[in-house]
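User: I'd like to learn how to read a model like this one, feature by feature. Can we walk through it together?

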Amino acid sequence: MRKADLCVIVGLSGGVDSSVAALLLQQQGYNVQGLFMKNWEEDDTEEYCSASADVADAQAVCDLLKIPLHTVNFSAEYWDKVFEYFLQEYRLGRTPNPDILCNKEIKFKAFLDYALYLGADFIATGHYVRKQFKNDKYYLLKALDKNKDQSYFLYTLNQKKLNYSLFPVGELKKAEVRKIAAENNFVNHAKKDSTGICFIGERKFKEFLQRYIPAQPGIIETMDGKTMGEHEGLMYYTLGQRQGLGIGGQRNASEDPWYVIEKDQARNVLIVGQGHDHPRLFSDNLICSQVSWVLEQAPEVPLTCTAKIRYRQTDQVCVVSSIANNKEYLVKFVQPQWAVAPGQSIVFYQDDLCLGGGVIDF
């Protein structure tokens, strides 16, 4: 089938990456259309809501490319599938990664399903990642621009989702993407990358979270039970956190900074220790669950590979073993890992190949 007969609907966010993705696909000969997703309505105030500006940027790009722009509201799906989970994890004292669930449930489920309903043959996004088809299987690879690689956030993609997905900018450096946008007079060619909570944006985090979960202040203690001050609510802190503890230096004590080393949910106590290299901040193993493999088949274990326990971390050598009939996995690291945070994701790799990942339990 000719590319001109294949419809690709690009998820346009108003940003430069998805805009250039649409341009590249059009240049490759596909029948390209755009789609803007609105996924948050709880506080659409002038201070926070950038959706109107984003959809205007998306429309400007579509006008230049002479392609239609669909708009859709997935706010209900986002609330039910992403935000409720996000809140529940914080209630449990964990540190969730909503971007990963957002990709799984919204961009590569709700959006994919809607695009297929509209008659699309493929969807495309501006993610910095690559896919490869080999031996009748789709593989997920890191982007060529390792500083922008987003495979960490896409480990939940399975064979069906990869079959329908295109990632045009995964072969480019970010600087090349901006250059292409500028050369084609895209209004958003210099627009800064979005940050903050997926689809919600940048917030004064404590104020935002407190609107949904009542804060429960409590005591800050050292490992030996010495009271150091008060915390504002365990949900506001994560393991390894240094800023915002408000306990400063102590008389006749070391000047080493204090770090969060444990959250005692039962007592509502935040436990801290001094020094970046405090032994309680290091773990040589973890257990993860909710594991998703890109090839949809669990690899033979024990598996020696590399892994990241947070975005932008250098790949760490580890050995993965199955427990609980592949429902949970034990991961042992060659080098102890700093501040392993329950609720975050661990993602497994072999060189550039993303194998899959799971959610860290402890």
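**Strands, helices and cores**

User: Which residue of β11 stands opposite isoleucine 220?

Analyst: Isoleucine 220 stands opposite leucine 270 in β11. Before we go on, keep in mind that this is a predicted model: local features need pLDDT of at least 70, side-chain atom pairs count only at pLDDT 80 or more, and totals for chains, interfaces and linings use all residues. Residues are numbered from 1 along each chain as its sequence is written, and side-chain values use heavy atoms, with hydrogens and water left out.

User: What do the strand labels and "pairing" rest on, and how do β8 and β11 pair?

Analyst: Labels first: helices (H or I, at least four residues) and strands (E, at least two) are DSSP runs, numbered from the N terminus. Two strands pair if DSSP finds at least two bridges between them. Here, β8 (residues 218-222) and β11 pair in the parallel sense over four bridges. On β10, things run antiparallel: six bridges join β10 to β11 (residues 269-274). Valine 260 faces valine 272 of β11, and tryptophan 258 has glutamine 274 as its bridge partner there.

User: What is the strand order of the five-stranded sheet?

Analyst: That open sheet reads β3-β2-β1-β4-β7, with parallel pairing. β3 (69-73) and β7 (165-166) sit at the edges with a single partner strand each, so one side of each has no neighbour in the sheet. Inside it, β1 (residues 7-11) and β2 (residues 31-38) run parallel, joined by five bridges, and valine 8 has valine 32 of β2 as its bridge partner.

User: Which helices pack on this sheet?

Analyst: Packing goes by contact, which means heavy atoms within 4.5 Å. Helix α1 (residues 16-27) touches β1, β2, β4 (122-124) and β7, and its direction makes about 165° with that of β1. Helix α4 (residues 98-117) touches β1, β2, β3, β4 and β7, at about 135° to the direction of β4.

User: Which hand does the β1, α1, β2 unit have?

Analyst: A crossover is right-handed if, with the strands pointing away from the viewer, the path from the first strand over the helix to the second runs clockwise. This β-α-β unit is right-handed. As for β2, six of its eight residues are buried, so it is largely enclosed by the rest of the structure.

User: Where is the kink in α4 centred?

Analyst: The bend at a residue is the angle between axes fitted to the seven residues ending there and the seven starting there. α4 has a kink of about 25° centred on phenylalanine 111. Just after this helix, glycine 119 takes a positive phi of about 105°.

User: How many residues are in the largest nonpolar core?

Analyst: A nonpolar core is a set of buried Ala, Val, Leu, Ile, Met, Phe, Trp, Tyr and Cys residues joined through side-chain atoms within 4.5 Å. The largest has 55, and Phe83, Phe111, Leu209 and Leu245 have the most contacts inside it. α4 gives this core its largest share, nine residues. A second, separate core of 31 residues includes Val10, Ala22, Leu23 and Val169.

Definitions and conventions. Axes are lines fitted to C-alpha atoms, for helices over the stretch in contact, and angles run from 0 to 180 degrees between N-to-C directions. Buried means under 20% relative accessible area, exposed over 50%, partly exposed in between (1.4 Å probe, protein chains only).
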